Amino acid sequence: MSEAVPSSYSDPSSLLYQLESILESDPLIDEVGFVHPSQFASMSDTSPANTIDLAFWSKDHKLGISTESIHPLYTAAKNAFMSSLQQYKMLIPLHSKKVDNISATSSPLTVLENELMKHSRALLLLSCDFGTAWNCRKEVVLNKQDIRLYLDELSLSSLVLSCSPKSERTWSHRRWVIKMIAGKCTNLEEILKNESDLANRIAEKSKMNYRAWNHRCWLVSYIPESQVIDELIKYRDWAGLHVADNSCFHYRTRLMSRTLEDSWYKQDLKATEICQLWKEEIIWSEILIKRYIGREALWLYRRFLSVSWIKHFAGHSGTRLDLFVENEIKLFRCCKTIPDNVFEDYKAQAMFAATYIMWLIKEMDENEGVRRRSVVVEKVGEEVEQVVNEVCPEKAFLLDLILTKTRV
């Protein structure tokens, strides 16, 4: 355990030096938090009198920063960073004319680069969206072209995300790193797996974190097909417990779409496996819709599964479109009932079921669209109209448009 006890917060440069020293002495720090000074006593097992001026707390690779020191720390870190950056920009044009006998590790440019990386690290922990600091780190790493520095950037951004999980610039920096090491790093698959696990942990702690889920969606284009299948199976239970999180199902949409890329499902050896995967996903989706009443995210995900199934599998691999449509009609009829003891969720469920069937009719294949639409409308048209008039009369015009198109 290491503790830094400044005499006061009146010397920002001293605070910055202590913070940078702690970060240098423990490169395995993986979590940063901002703590009110009154909490340091319980964390440090010391009397409150001894922690009144405590600015930092570090133990078990965790770092706590006093909320009282944030402003002076930020001022010192920004001033130190901007000063080093100005010197760096002045020195770069002269670097091409450097004397050959100057050691690369002791050259003025190298010293300044190290200062920039040190100050920018402290600055980004305090102000995660300071774009100039991120861009400066990119420039230094690109100049050195050392794979270890790229991995250090992943470590730093993980540390920043521990206290700022919704920082868009931090997530963007991680994507830049992965783009740069793709094709150059021998353990890229392991890095991508760790990346997905990190995003999952952050999404678990920070609810409705769109940026974390968006990052995972972006990763899908890099991960191998075996990991795509593993991700779908591994996080199915998690998705089933977070049915209100639309971002979670958007991620599954991206994973399922990936199985249709690169002609996976058209390969003889993969066709059966991928078709079975889609069948299981459709069945699982129906179970969730019936279990969790009135969840719009589930119905939107059902739309994606349905249109993809019709486009890629219906009529192939021993599947029939009419059987699929019949099953969707049964799902609608199961979900349209509103009990006497009316709850809003049941009304929402009936509305989503009705609009889903309306959407499905509209999405019918154009080649046989009129005939198929007519069959569906004949079977459930009156039932859909009844539900629409009861729970969402404002959507009646949509049904009228569909019925008019069917009669054409």
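Residues are numbered from 1 along each chain as its sequence is written.

The chain has an average pLDDT (the predictor's confidence in each residue, from 0 to 100) of 85. A score of at least 70 is reached by 85% of the residues. Among the elements (DSSP runs numbered from the N terminus; helices are H or I with at least four residues, strands E with at least two), helix H7 (residues 168-181) has the highest mean pLDDT, 96. Strand E1 (residues 2-4) has the lowest, 49. Residues 99-103 fall below 50. Beyond near neighbours in sequence, this stretch has one contact (heavy atoms within 4.5 Å) in the model. Where pLDDT is low, predicted coordinates should not be read in detail.

Helices H14 (residues 296-312) and H15 (residues 321-335) pack at about 165°, with axes 11 Å apart. Axes are lines fitted to C-alpha atoms, for helices over the stretch in contact; angles run from 0 to 180 degrees between N-to-C directions. H14 is therefore roughly antiparallel to H15 (over 145 degrees; under 35 is roughly parallel, 65 to 115 roughly perpendicular, the rest oblique). From H14, the contact includes Trp299, Arg302 and Trp309. From H15, it includes Phe324, Glu328 and Leu331. By class, the contact residues are seven nonpolar, two polar and two charged. Nonpolar covers Ala, Val, Leu, Ile, Met, Phe, Trp, Tyr, Cys and Pro; charged covers Asp, Glu, Lys and Arg; the others, Gly among them, are polar.

Helices H6 (residues 147-163) and H8 (residues 188-205) pack at about 10°, with axes 12 Å apart. They are therefore roughly parallel. Leu151, Leu154, Ser158 and Leu161 of H6 meet Ile191, Glu195, Leu198 and Ile202 of H8. Six of these residues are nonpolar, one is polar and one is charged.

The axes of H5 and H6 come within 10 Å and cross at roughly 160°. H5 and H6 are therefore roughly antiparallel. Their contact holds seven nonpolar, one polar and three charged residues.

The whole structure contains 24 salt bridges (a side-chain nitrogen of Lys or Arg within 4 Å of a carboxyl oxygen of Asp or Glu). One joins Glu113 and Lys144, at 3.0 Å from N to O. Glu113 lies in helix H4 (residues 108-126) and Lys144 in helix H5 (residues 131-144). The pair links distant parts of the chain, 31 residues apart.

Key
This is a predicted model: local features need pLDDT of at least 70, side-chain atom pairs count only at pLDDT 80 or more; totals for chains, interfaces and linings use all residues. Side-chain values use heavy atoms; hydrogens and water are left out.
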